[in-house]
Amino acid sequence: MKKEILSSIENIEIYPIISLLIFVIFFVGMFIWVIKVDKKYVDHMKEMPFNDEPQNPEGNEKV
Amino acid sequence: MPGTTLEQFSYDNKIVKYFGVATIAWGLIGMLVGVLAATQLFLPEANLGNPYTTFGRIRPLHTNAVIFAFVGNAIFAGIYYSMPRLLKTPMWNKALSWFHFWGWQLIIILAVITLPLGFTSSKEYAELEWPIDILIAIVWVAFGVNMIGALIKRREKHMYVAIWFYLASFVTVAVLHIFNSLALPVSFFKSYSAYAGVQDALVQWWYGHNAVAFFLTTPFLGLMYYYLPKAANRPVYSYKLSIVHFWSLIFLYIWAGPHHLLYTALPEWAQVLGTVFSIMLLAPSWGGMVNGLLTLRGAWDKVRVDPVLKFMVVAVTAYGMSTFEGPLLSLKNVNAIAHYTDWIVAHVHIGGLGWNGFFTFAMLYWLWPKMWKTTLYSTKLATTHFWMGTMGILFYALPMYVAALTQSLMWKEFTEAGRLAYPNFLETVIQIKPMYMLRAFGGLLYLSGAFLLVYNMVKTAKQGSFMAEEQDEAPALKPHVDEPGEFWHKAWERKPIFFTILATIAILIGGVIEIVPTILVKSNVPTISSVMPYTPLELQGRDLYISHGCVGCHSQMIRPFRSETERYGEYSKAGEFVYDRPFLWGSKRTGPDLHREGGKYPDSWHYYHMVDPTSMSPGSLMPPYPWLSTNIMDHDDVPAKIRTLQKLGVPYPEGYDAQANADLTIQANKIAANLKTAGVEVMPESEMVALIAYLQRLGTDIKKTTASNP
């Protein structure tokens, strides 16, 4: 039953095109975000693993 | 912070300790079973003379123990330590944490019991039968709820990239596990796959590949992004790269499954998709590796002295090596040589021993002194462990590469007269026997190193004092106020549930596009009119074949190469597998392909070969199965099996379940009589008769008429 329904959908070839578009748009969006992202935010995120040790004796080497 | 009150809370170290101990305990058992399996490949007597410890059954025991027990517990230990600290809150519910812990150990124990007993679905890395599958789903969801609950209660606004990897792993494994395990139960211990033949193969390798991706890779990448900076005491090289790494990896990974089925009867378009996405995966994988290694820039002096960093460097390098090798193996021309050989075994062990094993060791060496508030008992011992492990990996992998190339080239070699140069499969196996010995030595070395870890950890714990709860404080999370100009990603990533849904969509796109058409569009599986359902006796024989794990060494998929059609016969066609639930194509040929085994030898040959393989094939490495001729097979469940298969659409005539056992007896008596004329006395009710019935049926249907593959 389902098989007939799927094979009978008209313009089924549009689906691969839609998925390609989703794919391309997503990656373009991601790269734009990565280029434009706020430096302060990135620094904050980078430091996160070290925030659980308030009294880190050596201190973490900021590079 | 002036003007804000700090909230007090504590991190639960006890659960981390338990998961850590479970990691090591199961790790040792899993590796020990691995060494036993490796030994059986050059010394069949090492099967200890019973079905429970024979290769076909302990191979899945080894893979399950190492993947789900060793690596699984390591993931949980790593997450239960890092996630609360990154979110500034304990895990959501302690009782749930313990339910997760004991539930997972129970699943492992059930696997340790059922797999040697032969209760298996035979689908690689998803062998456990349906009641255990349901338990896995429940425990896994408990783990997910615990994580998402912690996210909702967090005191840190943003989610560090490690947590993205944890979340994506959780949702993807849930989706994969549920869809791949769909089956219709016959009884408490037996079920038939909801998919058949080609479709079952596609779903299985969509699962199998992504089990590697989302159980062995993404959770560990999350752990890498937390523990590597911690151990090196410097932040990750590029946070931006880690974001690109995350999204590209989860977007691409899910598509690559069909590369396990190149040159098989899988539709061509699905094979092409698998290859293309596998090649693309190289970019994010290497991006991740580079990000990990460059985190150590300027700290390489520490690598010289710190065993934790030594383990991590080799782990990340091994990740890079196996993710380079993966796309390489997905190229059709490389795959033509490497598939079914020990190359794949080497490849997974670079990943397993190098990436997962070494990273786990590094994490444990780092966690133990932290949680016991002390220093590592012996750096020297840890360094010795490191070198034993590294040598172990080399002794394991290098002989496997040599074995793979040697054997593959022997399979494909033709004489000047146009005949196979090595028509006897066994010749190609005996040739690589020394390599199998070296491999077992490598495994043993690696295992011995792990014992040093145990000693070192026990001593470390003894010299320190365990801190079950670790106090911390942080301001409560303020309700969010929208800032103008905020980018979408930052906003999404603040909303964990929305983020989880987004990650799910990313992985679902690939799965849906690949799998749904293959299952729904009729033209993908051309039917062959002469292919008929198995007779009741053959079905029983097939279930025995499944239960003994024969698929671990024998493929049933002849690829369309001259070297294969010469050796085995006509290549396999998609339409031949429509009644195969589950599919039994296999992924490794330690013995020859069996798809055209039917009618090749007389029944008595199979009898003697099963009782003592060396009597028919001198030098054979196949373990003997003498119990098949004395074990009486209970056929009471045949009617239930027939009814289950009818529900799945296998066209047995209506009411056939009532007649099935009568037909079975007729066929069994015929085979027993046939054996008697050859001088073999065997009961018609014996397992041997059922297995012979199945083997003699294999691949014979298309010989009844001419078949074509469109």
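Modeller: A helix here is a DSSP run of H or I with at least four residues, a strand is a run of E with at least two, and both are numbered from the N terminus. This is a predicted model, in which local features need pLDDT of at least 70 and side-chain atom pairs count only at pLDDT 80 or more, while totals for chains, interfaces and linings use all residues. Residues are numbered from 1 along each chain as its sequence is written, and chains are lettered from A and ligands numbered from 1 in the order in which they are written.

Biologist: Thanks! What pattern does chain A follow along its sequence?

Modeller: The pattern is α-α-α, as chain A has three helices and zero strands. Of its 63 residues, 6% count as buried (20 or more other C-beta atoms within 10 Å of their own).

Biologist: Why are helix 10 and helix 12 of chain B called roughly antiparallel?

Modeller: Helix 10 (residues 307-330) and helix 12 (residues 342-371) of chain B pack at about 155°, with axes 8 Å apart. Angles over 145 degrees count as roughly antiparallel, so this pair of chain B is called roughly antiparallel. Helix 10 of chain B also passes helix 12 of chain B in a left-handed crossing, meaning that the near helix is turned anticlockwise from the far one by less than a right angle.

Biologist: Which residues meet there, for example from helix 10 of chain B?

Modeller: Among them are B:F311, B:A315 and B:A318 of helix 10, facing a set in helix 12 of chain B that includes B:G351, B:W355 and B:F358.

Biologist: At what angle do helix 18 and helix 24 of chain B pack?

Modeller: Helix 18 (residues 536-547) and helix 24 (residues 687-697) of chain B pack at about 100°, with axes 7 Å apart. That makes these two helices of chain B roughly perpendicular, a label for 65 to 115 degrees. Their contact includes B:L537 and B:Y545 of helix 18 and B:L691 and B:Y694 of helix 24.

Biologist: How do you know that the span of helix 23 of chain B agrees with its 22 residues?

Modeller: At 1.5 Å a residue, helix 23 (residues 656-677) of chain B should span 32 Å, and its end C-alpha atoms are 31 Å apart, which agrees. B:L664 and B:I671 are among its buried residues. What covers the buried residues of helix 23 of chain B includes helix 18 and helix 24.

Note on methods. Axes are lines fitted to C-alpha atoms, for helices over the stretch in contact, and angles run from 0 to 180 degrees between N-to-C directions. Angles under 35 degrees count as roughly parallel, over 145 as roughly antiparallel, 65 to 115 as roughly perpendicular and the rest as oblique. Two residues are in contact if their C-beta atoms, placed from the backbone, lie within 7 Å. The expected span of a helix is 1.5 Å times one less than its number of residues. A residue is buried if 20 or more other C-beta atoms lie within 10 Å of its own, exposed if 12 or fewer, and partly exposed in between; C-beta atoms are placed from the backbone.
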